[in-house]
Amino acid sequence: MLLIVESNEGDTSLTVMIHCYCCCFRGTFRYASVHAHLGRTGSRRDDLESLAYTLVFLLRGCLPWQGYQGDNKSFLVCKKKMATFPVSLCCFCPHPFRKFVEYVVNLKFDEEPDYAKCASLFHSVLSVVGSNPDVRPINTDGAQKRGRFFIEEEADEQPKKKIRVGMPATQWISVYNGRVPMKQRYHYNVSDSRVGQHIEKGNADGLFISCITSCSDLWALIMDAGTGFTSQIYELIPHFLHKEWVMDQWERDYYITAVAGANNGSSLVVMSKGTKYTQQSYKVSNSFPYKWINKKWQDGFYVTSMATAGSRWAVVMSHNAGFSNQVVELDFLYPSEGIHKRWDRGYWITAAPATCDQAAFVLSVPRRRLTDETQETLRTINFPSKHVKDKWSKNLYLASVCYGRTIS
């Protein structure tokens, strides 16, 4: 699932590309490719993906994403398509259908499909059909794109929690920015009782928290000397954000600069002085609050922090964030294709939280040109402690880290 919303400052128009609101969508929701839902430029892979859905529909009489209604129909259909593996989609079809789908879901944008291979997959089916005069043959010339497998517990208007077959594909996602040489420190697998000790020791050494996240209800803290903050406070509480405490600190000119949530529902919120922010707002939601983000963009706010606690989201948006444009990509898979295209257009990953089902990436265009525009991302099963030290030797420093779903 991909969420893209773009705002252009100084222009009353707002370019919005959000699932069901995607103005450039062309086609029928039932048979459209996932890339069509996401507003991406179409190619042969998308035509073949649509053909694959059509063939399965003709054989089965239905598709798993039928029946959704309402303004967010495209969003729900797209989400369901991305959560349906070929083996699940074709569970009542002859084996060649599954092979066909598996082939086409992995095609690249500009890749030339092997049409002969696609047709050959159906030779056995066509031979059976040809021997039965009561069955009308299906003309096959198709392909499709993607790869994931879920089993639905039950069908409903809103997608339910899904059971993933096989090992969960959860990983650490780390983002590194090119910086002038500086001092940085990290701690991971930190229990609640030790958070204060690490923060106090870092502050004594002139380090402030730049990023925090959680894994298995333990915390990861990134502290460095390049934040520009003059003072910092934090609160660790057993629920997701404490409204009264945050508002009290706003009155003292502290602003939220890092936030993280644990699976048990607790949260760690860091607020700092010395930021460029002039106003701030946040929202906690059981689903990704794309409508709220869209509204705040129109009011001149930009996302500056994001966090998850279980399946809940917390999004912090600030005035005077130093960005001229911003997008958010919300994807069930690690969206490397989308991120690399954004990098080419001058966007910079500025936040990256994840749940067990989704990873979200905030990409922003800085107002002021960066002195070093190098940025890298990394996925690892364990916390990337060895990789971090290797990146330091190249003047690349941890800018964001999270733990959650990245790939199928």
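**Exercises on a strand sheet and a helix pair**

The model contains an open sheet of three strands in the order 18-5-19, with antiparallel pairing, where strands are DSSP runs of E of at least two residues, and helices are runs of H or I of at least four, both numbered from the N terminus. This is a predicted model, in which local features need pLDDT of at least 70, side-chain atom pairs count only at pLDDT 80 or more, and totals for chains, interfaces and linings use all residues. Residues are numbered from 1 along each chain as its sequence is written, and side-chain values use heavy atoms, with hydrogens and water left out.

**Exercise 1.** Determine how helix 2 is oriented against helix 5, and which residues make the contact.

*Solution.* Helix 2 (residues 44-60) and helix 5 (residues 95-104) pack at an angle of about 160 degrees, their axes being 10 Å apart; axes are lines fitted to C-alpha atoms over the stretch in contact, and angles run from 0 to 180 degrees between N-to-C directions. Helix 2 is therefore roughly antiparallel to helix 5, a term for angles over 145 degrees. On the helix 2 side, the contact (heavy atoms within 4.5 Å) is made by Leu-48, Ala-52, Leu-55, Val-56 and Leu-59, and on the helix 5 side by Phe-97, Phe-100, Val-101 and Val-104.

Note on methods. Angles under 35 degrees count as roughly parallel, over 145 as roughly antiparallel, 65 to 115 as roughly perpendicular and the rest as oblique. Two strands pair if DSSP finds at least two bridges between them.
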